[in-house]
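User: I'm new to this structure and would like to know how its descriptions are reached. Could you walk me through a few residues?
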Amino acid sequence: MAAAAAGLSWRRVSSFTGPVPRSRHGHRAVAIRELLIIFGGGNEGIADELHVYNTVTNQWFLPAVRGDIPPGCAAHGFVCDGTRILVFGGMVEYGRYSNDLYELQASRWLWKKVKPQAPSNGSPPCPRLGHSFSLYGNKCYLFGGLANESEDSNNNVPRYLNDFYELELQHGSGVVGWSIPVTKGILPSPRESHTAIVYCRKDVGSPKMYIFGGMCGCRLNDLWELDIETMTWSRPETKGTVPLPRSLHTANVIGNKMYVFGGWVPQSAGGEISAPDGEWKCTGSFSYLNLDTTEWIGLISDCQEDKSNLLPGPRAGHCAVAVGTRLYIWSGRDGYRKAWNNQVCCKDLWYLDTERPLAPSQVQLIRATTNSFQLKWDEVPTVEGYLLQLHADSPVPPVAGIPGAGVPETSVLSSQGGCSLHQSPQSLPSVPYPEMKVDHPSQTNNLIPNNVQVALSSSSKVEGKEKVAAPENKVTQETMKNHADSTGFKESNTPSLLPVCTSSAQTSANVGELHDLDKQSVNPDASVSCTVSSSQTMVTQQAVKTESSSTNGAVVKDETSLTTFNSKSEAAETAYVMPSTRVSTEQTNDSHSSRAPQRPPAPVKTRDRRWYDVGIFKNNSAVVSQFYLLPEETLNINSKTEGADVPDYRLLKKQDLFPGTVYRFRVAAINGCGVGPFSKISEFKTCIPGFPGAPSTVKITKSVDCIHLSWEPPASPSGNILEYSAYLAIRSTQLQENPSQLVFMRIYCGLKTSCIVTAAQLSNAHVDYTSRPAIVFRISAKNERGYGPATQVRWLQGKVTVTRS
């Protein structure tokens, strides 16, 4: 099956920065978040450097390693357990093999030689190369390899192994020791340069190790299964066409599939297992084994060696690493020459998206104006862009012969507020954190035009979500009685919430570091009307992950990430975020099949709810002031059904946003497999002219028996500020009926830009558990027209034991 027919789209990474390692084979690689960490291998000598590749910034770097630095090795065991890496054995020089075990703490780039206890029922593993070394739980499983029977390294007497060991790990660092487990069934035959992976079916739950192929004087293509719980070996029956016998290939598990790429395979067309002196070649063939059904599926056959640079070339001894659902392949030996001193190695890096991306989080509002929104959504890892769509809750007027879309009116939160947020309870408003000004995102949109290739730089991965609903226009009778003097919850002056998008990000450290993030501080320039949180926040151009602090000034304690979101990736300031890739609309035209729900052709009322494209964006933020209108004939088609083409945006008319209008937004991620599912829908309202913006730069300072809340005036007051109101989310029986709808009590009203929140007031606070436990405040400003949007503060409480209302 051709790669194109299989829906595969390999991409070659065409631009690097930093010290690119020399090409090689016999090296090994693992992934820690978005970093590829590569060690060892050989080409004109054994490599001893540790190279790291940032798949977000396309940056290579050499970390400053220290400690018991191991010698260079090739065909070694290499596994990753969290942020530590274990290296076992390998060839350290020609004819001389190792059985040393090293541990690398990647959080500090610290090497340590570890000495595990010998097994109680036998000898420890002998020096070897080409073995498999697999991790499951707190144990590594060592199988097979090649030993040298001769004590003279120049007189190599090979001995193929099929011994099997367990290595028990200590938590965090260190090892316990080797053991030789008692197994049932027949052991796989001796071999080296095979692959081994571990997979656990979701429905059965019993972990299995699968060994495939390898070399024992001739290449193999047999598949073996070990049930790790019962320690039973077996030969599973498979369906489909088994790949050719091979060695020095790679196998990686993504989802329920084991992807096998490359290696040495028979030269003969029939694919018979050749004699030791038979002819062999490198291959670029690509298959996967469905581990649930044990069916082999061929994706790229051995005869499809691509000459147009659309597929990775044939190779063996390369490395392959899975980052999420994306598979990376780097270097390896090329060509047909078998002599050790006559090697040609590939210098290329490729990746393949194996599945459509997941749905992003709901679109979140950073800032609204009378005719535009600044929006953001949680980033989806390893994607090339995002498709943003909207539809309006008011008629879209006809433009140049294009019919309007009449939409029934919907209520909004504030009848007067300058900017109103209308969100479903699953919305994820976010906020910058105390003692921090917020950088305004670049007004230059990151829109990808049609037919133009653009380098796409994604940013950090998303970990958590917050659910904070807009305030309901009512409170309990007790609250209304105690705060009857314009509480801010009455229909006439409800402060509408203007959230900044939330996204807890994978942290980015300085280049070459994965540690010591707790001491960084952030002090960007400028300010913007925004909400404030001390919890996992993405602040316009700054991604910030914080934890609550008991010290004065709400000092940030945990990891702080500085990840730029503008169109230029600042590689020098980040250590691990998503890869820069290249995309053109040709690459995504066949990928937009899932862009809209399936709706049958219908009269005008169905079209009222039609989704309009805002555009395809290269990262997870957008400034939206217009959207594209589709011609009449397009409106009569089901909403971008399967296989529909993406319109050429250059040929479509644009419609400006209107003041005081509610717009619904949804977003989908795009990768090499196409467009993934859409996010849940968010609703936002453009501002009505004349109302003040939201207060900015909120600070929280903790004292012994109270907290001090302060803020700065709105950047756009639209007249004189008459007063500010501050609100506290309180416990209420109403929350039992609708936990996502917070109830607020006004705790301050006046002209000052600060207030004291007493211990008595805090004792009545509701602790919001939708993300990390937090107390929620809102602050809004009022001018002659009324109250504008509110700024929200989530003040993290750490581990609290508060009775939930």
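Predicted model: local features only at pLDDT ≥ 70, side-chain atom pairs only at ≥ 80, totals over all residues.

User: Why is isoleucine 197 called buried?

Analyst: Its relative accessible area is 7%. Buried means under 20%, so isoleucine 197 is called buried.

User: Which residues does isoleucine 197 touch, not counting residues up to four places away in sequence?

Analyst: Among them are Ser134, Lys208, Met209, Tyr210, Ala251 and Leu291. Contact here means heavy atoms within 4.5 Å.

User: How far apart are the C-alpha atoms of isoleucine 197 and tyrosine 136?

Analyst: They are separated by 9.4 Å, while the two residues are 61 residues apart along the chain.

User: Now for aspartate 613: what makes this residue buried?

Analyst: Aspartate 613 is found in strand E40, residues 612-617. Its relative accessible area is 2%, and the cut-off for buried is under 20%, so the word buried applies to aspartate 613.

User: What makes the pairing of the aspartate 613 and tyrosine 649 side chains a polar contact?

Analyst: The two side chains come to 2.7 Å. A polar contact needs a pair of N or O atoms within 3.5 Å, one able to donate a hydrogen and the other to accept it, so a value of 2.7 Å meets the distance cut-off.

User: And the whole protein: what share of the residues is buried?

Analyst: Buried residues account for 59% of the 805 residues. The secondary structure comes to six helices and 54 strands.

Technical notes. Residues numbered from 1 in each chain as written. Heavy atoms only, no water. Buried < 20%, exposed > 50% of the residue type's maximum accessible area, 1.4 Å probe, protein only. Helix = DSSP H or I, 4+ residues; strand = E, 2+ residues; numbered from the N terminus.
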